[in-house]
Amino acid sequence: MTQPQHNPWTTQQPLPAGPQPSAPGPVPEVGPRGPSAPQHGVPAPAEDQRLPKFAIPAADTLWWVGVHGGAGESTMSQLLPGTRAAGHRWPVPPPPVPTPVVLVARTHGSGLRAAQRAAIEWASGVVQGIAVLGLVLIADAPGRLPRVLDDFADIVGGGVPRVWDIPWIEEWRRGEDPTPDNTPDEVFEVLESIYALRASHPADYPAPY
């Protein structure tokens with residue numbers, strides 16, 4: 001399998017804490033799709049529909065926020081060294097710098113609904129100190145999504161800045177750790193895009209404290 005340049009597994013470098021130039025060479029990046037900051041007038045979900053929060057000392061890394069159990073946040077943190085899984089919670093730093101977050105969900109109905117709730121919670125402004133970069137959707141089964149789920153995924157994706165898709169990977173289902181040998185090129189492209197986005201395009205708006 002041919003791997004793209006700047007493979008995060010071979011570089012083994014943590015994500016930069018501040019603005020850094022992009023690595024040379026072509027890096028696929030998903031353009032903005034939805035809002036890039038919380039929006040006035042978006043009603044927050046009910047308290048029991050929100051994700052928990054926990055304090056972090058500083059906005060010094062990228063966090064994966066799995067919006068439901070089994071979303072795949074731990075797998076994503078394994079795939080990109082220097083990033084962390086948030087344990088299905090919002091990591092909240094002290095002001096004034098927001099911490100970058102990528103939401104993670106499976107593509108089944110309950111996963112998409114959980115992603116929608118998290119996106120609405122963020123958009124409402126009740127989550128302080130969070131810069132959502134986008135949403136990673138990990139396939140919950142082989143093959144194409146049913147039309148109803150595909151349409152719903154488009155709706156959910158319109159509520160976040162970007163969406164990245166991870167295909168079904170049978171080896172991961174069997175419990176194998178992700179490695180370059182069992183990870184498709186599409187996944188490397190997602191990692192490259194997120195790495196470049198975090199390194200080159202940090203949040204340019206203040207945290208809504």
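Reader: Which residues lie nearest the centre of the largest pocket, and how many residues line it?
Author: In this predicted model, the residues nearest the centre of the largest pocket are Thr107, Gly143, Leu145, Asp150 and Asp165, and they belong to a lining of 20 residues.

Reader: How much space lies in that pocket?
Author: The space in the largest pocket comes to about 440 Å³.

Reader: And by class, what does the lining look like?
Author: The lining of the largest pocket is made up of 12 nonpolar residues, 6 charged residues and 2 polar ones.

Reader: Which elements each supply at least two residues of the lining?
Author: Helix 4, which covers 147–157, and strand 7, which covers 163–166, each supply at least two residues of it. Helix 4 gives the most to the lining, with 4 residues.

Reader: Staying with helix 4, how does it pack with helix 3?
Author: Helix 3, residues 109–124, packs with helix 4 at an angle of about 15°, and the two axes are 10 Å apart. Angles under 35 degrees count as roughly parallel, and therefore helix 3 is roughly parallel to helix 4.

Reader: Is that crossing left-handed or right-handed?
Author: The crossing of helix 3 and helix 4 is left-handed.

Reader: Let me zoom out for a moment: how many helices and strands are there in the chain?
Author: The protein chain has 6 helices and 7 strands, and, read from the N terminus on, its elements follow the order α-β-β-α-β-β-β-α-β-α-β-α-α.

Reader: What percentage of the chain's residues are buried?
Author: Of the 209 residues in the protein chain, 45% are buried.

Reader: Where is Val65, and is it buried or exposed?
Author: Val65 sits in strand 2, residues 63–66. Its relative accessible area is 0%, and because buried means under 20%, Val65 counts as buried.

Reader: How far is Val65 from Ala85, C-alpha to C-alpha?
Author: Their C-alpha atoms are separated by 6.4 Å, although Val65 and Ala85 are 20 residues apart along the chain.

Reader: Switching to backbone geometry, which residues does a cis peptide bond join?
Author: A cis peptide bond joins Pro95 and Pro96, with omega at about 10°. Pro96 is in the loop between strand 4 and strand 5.

Reader: Where does Pro93 lie, and is Pro93 buried or exposed?
Author: Pro93 also lies in the loop between strand 4, which spans 90–92, and strand 5, which spans 99–106. With a relative accessible area of 3%, Pro93 is buried.

Reader: What about phi of His88?
Author: Phi of His88 is near 60°, which is a positive value in a residue other than glycine. His88 is found in the loop between strand 3, residues 84–85, and strand 4, and its relative accessible area of 28% makes His88 partly exposed.

Reader: One more loop residue, please: where is Pro142, and does Pro142 count as buried or exposed?
Author: Pro142 lies in the loop between strand 6, which runs 130–138, and helix 4. Exposed means over 50% relative accessible area, so Pro142, at 55% relative accessibility, counts as exposed.

Key:
Residues numbered from 1 in each chain as written. Predicted model: local features only at pLDDT ≥ 70, side-chain atom pairs only at ≥ 80, totals over all residues. Heavy atoms only, no water. 1 Å grid on protein atoms, 1.4 Å probe; cavity = no way out; pocket = protein on both sides within 12 Å on 5 of 7 lines; lining within 4 Å. Points joined across faces, edges and corners; volume = space filled by probe spheres on them. Nonpolar A, V, L, I, M, F, W, Y, C, P; charged D, E, K, R; others polar. Buried < 20%, exposed > 50% of the residue type's maximum accessible area, 1.4 Å probe, protein only. Axes fitted to C-alpha atoms, helices over the stretch in contact; angles between N-to-C directions. Parallel < 35°, antiparallel > 145°, perpendicular 65-115°, else oblique. Left-handed = near helix turned anticlockwise from the far one by under 90°.
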